[in-house]
Amino acid sequence: APQTLEVIVENKEVTIKQDGSGFPKQNAEGKKSVLKNPQIGEVDLKVKVDAKGMTREISTEDDLKIVETYALSADGKQLTVTMKASQPVMKIDDAKIKRVYDRQ
């Protein structure tokens, strides 16, 4: 898991940086965009920001789907990221990862 996470929401776009690098700007209105990655091929991304927080769906060419949910604590001091992976061919038994980041 990355040690640092930076989420920047500007207008209707979001940039996510993990340990200083990461994904380019993405539309934050739930519209699909495609990112070409030399290691894993094309990746479909869908990001939605609303009053509850942010959800990012990542789908690869081999049908691996990762859904990340970002939720800010009521006092704004912690960000909880919950990640759930699924893949129709390989059975992934409710693989869920939760990370908590403190605001600096």
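In which strand is the place of Gln26? Select residues 26-27: that is strand E4, and Gln26 sits there (strands, E, are DSSP runs of at least two residues, numbered from the N terminus). Before going further, note that this is a predicted model, where local features need pLDDT of at least 70, side-chain atom pairs count only at pLDDT 80 or more, and totals for chains, interfaces and linings use all residues. Residues are numbered from 1 along each chain as its sequence is written, and side-chain values use heavy atoms, with hydrogens and water left out.

Stay on Gln26: it counts as buried because its relative accessibility is 4% (buried means under 20% relative accessible area, with a 1.4 Å probe and protein chains only). Now show its contacts (heavy atoms within 4.5 Å). Skipping residues up to four places away in sequence, Gln26 touches Lys12, Glu13, Val14, Leu45, Val47 and Arg56.

Hop to Leu45 next, in strand E6, residues 41-50. Leu45 is buried too, at 4% relative accessibility.

Then select Leu5, Val14, Ile16, Ala28, Val47, Met54, Tyr70, Leu79, Val81 and Tyr101, the largest nonpolar core (buried Ala, Val, Leu, Ile, Met, Phe, Trp, Tyr and Cys residues joined through side-chain atoms within 4.5 Å). Strands E2 (13-18) and E9 (78-86) each give two or more residues to this core. Apart from it lies another core of six residues, including Val43, Leu45, Ile66 and Met83.

Technical notes:
Buried means under 20% relative accessible area, exposed over 50%, partly exposed in between (1.4 Å probe, protein chains only). Helices (H or I, at least four residues) and strands (E, at least two) are DSSP runs, numbered from the N terminus.
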